[in-house]
Amino acid sequence: MKRRIAAFLLVAAAVLGASAFLSAKSTPRKDPYGYFEYRRNAMRSSFPDVVLLTQDNKQKRFYDDLIKDKIVVIQFMFANCDGLCPRTTPNLARVQRELSKRAPGKVTFISITVDPKRDTPQALKQYASHFDVQRGWYFLTGKQEDVDLVRRKMGVYDPEDQKVEHMNVLTIGNEAQGKWLAMESLAKPDDITRTVLRVLGVPKAEWQ
Amino acid sequence: MTTRRELLKLGLYGSTAMLHLTGLKLDTWALSENKSPKVDPRVTPFQVDLPVPAFKTTVSPATLPGVPLFNDGIPTDYVSFNVQQTLAQILPGKKTLVWGYDGQVPGPSFQARLGRRLVARQQNSLPVNINVHHHGGHTQAASDGSALPEEEIEPGTFRDYIYDNDDDTGGFHWYHDHTLDQTGINVFMGLAGVYILTSDTIDALNLPKGAFDVPLVVQDRAFDANNQLAYNPFDHNGFIGNVFLVNGAVQPKFRVGNGKYRFRILNGSNARFYQISLSTGRPFQIIGSDGGLLKAPIEADQFRIAPGERVEFVVDFSFHTPGPNTHVFLNNTMIQKEGRGPDGVDPTQPFPLMRFDVLDTVTDISTVPPVLETNIPVFNPKESVITRTFEFNRSQGAWQVNGKFFDPTRVDATVKLNTTEIWRLRNGGGGWYHPVHIHRNEFQILDRNGIAPTGAESGLKDVFVLNPGDEIRVISKYTGEKQLGRYVFHCHNIEHEDMRMMGLWEVVK
Ligand SMILES: [Cu+2]
């Protein structure tokens with residue numbers, strides 16, 4: 001039990017640190033039962049720690065390097081998509097610009113290709129260059145089976161057509177608090193921005 | 001030799017199965033991935049007595065600083081809740097962290113009366129935002145708990161909800177969390193309770209009362225290796241559990257006498273449907289639906305109940321000789337492997353949700369009157385000013401209404417006060433089930449695929465199950481000067497709702 005409390009205090013310290021940076025008004029949330037740690041552990045198996053490659057051809061562990069302790073917005077896409085992706089990525093870019101003002105450096109954006117065979121790091125870099133993508137946005141590729149595992153664990157696959165169909169789903173989370181939700185990739189940038197701020201724990205007086 | 005069927009009866013079938021404990025780590029999501037959830041092996045049925053949630057007692061408004069006071073002559077009662085975390089003994093061994101209104105799961109029951117206003121203070125002592133919805137109530141917009149983020153109660157703060165109780169009839173309502181994007185986990189953690197709205201006309205009926213009038217909140221849950229609730233917010237199709245609770249207890253037993261009981265059953269599950277029957281096969285009297293009592297009782301030996309729905313029924317145990325071995329099981333015969341929807345009824349696989357132990361000899365003077373509710377409003381289709389169509393569909397793995405996701409700033413329908421409207425609810429396909437809930441009003445189902453409703457569906461309703469391929473027409477009149485403003489309607493498969501299968505509508509003068 002002591003260990004649990006200690007672990008919780010570490011998490012709380014991390015969260016408090018983030019909030020304090022974000023906003024003077026934001027207060028630490030009381031969590032005497034270790035709810036956040038429990039939820040964090042419960043969600044742990046949803047993020048396989050597979051090695052993926054960024055658009056800069058750097059290796060990143062999916063959980064340890066990209067998810068752990070972070071506030072993340074995760075999108076699944078592929079560069080040759082002529083369906084939703086061409087609209088969802090610029091939509092997300094607007095969200096990133098807005099969040100860079102309201103919570104600078106706090107939110108990590110992740111786009112994972114569902115077509116890793118075609119989407120090499122170079123192809124993803126080329127794709128990202130079409131949009132106003134700022135720092136803190138990773139475009140990821142990897143082994144097909146690793147990408148498929150991530151999709152399956154994150155519930156972002158279609159039971160009808162697991163291969164091609166990618167989803168109109170944006171996953172937003174606060175890893176340290178185990179707080180996760182999914183919403184539409186094409187929601188208004190304002191709506192997505194506000195949702196991320198809510199997940200961050202920003203008081204409603206500040207996002208209203 | 002114990003047969004499979006007997007094991008099923010005992011709730012033990014599947015106890016050898018499926019969940020592999022490896023040290024302390026249990027891959028809880030195996031449950032949703034293996035598509036065949038069996039009963040949790042840690043569970044032994046009929047060990048605990050059915051908890052019956054106590055009625056919430058009123059307090060003086062003087063004890064609630066800042067609470068709204070009224071001098072309009074309408075009698076007003078005040079109640080105060082603390083929404084808090086607590087540890088509950090659900091499984092054997094380690095206790096489970098739960099969230100409850102007053103720390104209870106389900107929460108204390110509201111006891112309300114038509115014509116008496118009730119003000120409920122909800123103090124949030126949880127570490128997350130909450131929003132309390134009165135499901136079934138004809139509630140003012142600001143007190144409805146309609147998933148609007150600006151209405152959320154932040155940790156350490158409270159909100160006062162005003163319930164006018166000016167509905168057309170009394171009814172078996174409930175209250176539960178309705179926080180945008182987070183309702184699934186908040187309800188799963190325990191934020192649900194019963195709201196009983198009675199009236200003088202209902203009280204005048206000689207139905208079973210007091211200890212013979214019992215709410216049954218049925219919910220499925222899943223637990224991790226540490227006995228903690230194992231909710232997966234990534235199960236976007238609908239979360240299905242493998243432990244069955246009635247009023248928060250695992251497959252409880254309930255001591256009854258050889259008389260009539262009025263049971264009010266609420267399906268408080270996130271995504272699971274049930275088919276309810278008695279192990280005796282005996283018929284019972286269905287007396288109520290979502291929105292109140294029926295015009296007249298309907299004899300039935302089973303019924304389906306979807307997430308959010310309520311059914312009231314009277315069971316007569318007088319056919320049984322009281323004794324230690326006289327057991328009647330409340331069975332579920334609905335097979336459901338995933339959130340998509342039920343797979344169908346299998347009468348050869350009854351699963352006991354609870355057990356009635358007929359032990360006591362009682363004198364029963366109650367009756368089931370041939371005429372029940374006399375104040376059910378009649379909505380006239382000829383008066384309808386508009387027919388709106390809402391299609392509930394799936395788009396690339398996410399859930400939509402009319403091709404749109406919920407946007408808390410976009411009004412999808414504007415209704416004029418005191419008009420009658422017909423809403424056509426349509427299933428957008430793919431084999432999915434959507435139990436659609438509309439806030440604020442009670443409705444009459446005009447027809448389901450062109451056919452008039454039967455059973456509990458013939459009464460007042462606020463949840464309408466869209467089976468695959470279904471089209472339902474529902475009608476209501478939008479009365480109530482106090483109930484102006486914004487409300488929602490949504491799928492009550494909560495995982496669909498959390499992915500914003502929801503619409504915003506507004507009542508204007
Ligand atoms: Cu649905």
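Visitor: What makes E26(B) and strand E30 of chain B count as paired strands?

Guide: Good place to start, and keep in mind that this is a predicted model. Strands pair if there are at least two bridges between them, and 7 bridges join E26(B) to E30(B), residues 471-477, so the two are called paired. They run antiparallel, and Arg424(B) stands opposite Arg473(B) in E30(B).

Visitor: Which strand pairs with E26(B) in the parallel sense?

Guide: That is strand E23 of chain B, residues 384-395, with 8 bridges to E26(B). Within this pairing, Phe392(B) has Asn427(B) of E26(B) as its bridge partner.

Visitor: How do you know which residues are donors to the copper ion?

Guide: A donor is an N, O or S atom within 2.8 Å of the metal. His434(B) through ND1, Cys491(B) through SG and His496(B) through ND1 lie at 2.0 to 2.1 Å, so these atoms qualify as donors. Their spacing in sequence is H-x56-C-x4-H. Cys491(B) and His496(B) are both buried.

Visitor: What makes E11 and E16 of chain B edge strands?

Guide: They belong to an open sheet of 7 strands with mixed pairing, in the order E11-E10-E9-E13-E18-E15-E16. Strands E11 (249-250) and E16 (292-300) each have a single partner strand, so one side of each lacks a neighbour in the sheet. E16(B) pairs with E15(B), residues 284-289, in the antiparallel sense over 5 bridges, and Gln285(B) has Glu299(B) as its bridge partner there.

Note on methods:
Residues numbered from 1 in each chain as written. Chains lettered and ligands numbered in written order. Predicted model: local features only at pLDDT ≥ 70, side-chain atom pairs only at ≥ 80, totals over all residues. Heavy atoms only, no water. Donors = N, O, S within 2.8 Å, 3.2 Å for Na, K, Ca; no water. Buried < 20%, exposed > 50% of the residue type's maximum accessible area, 1.4 Å probe, protein only. Helix = DSSP H or I, 4+ residues; strand = E, 2+ residues; numbered from the N terminus.
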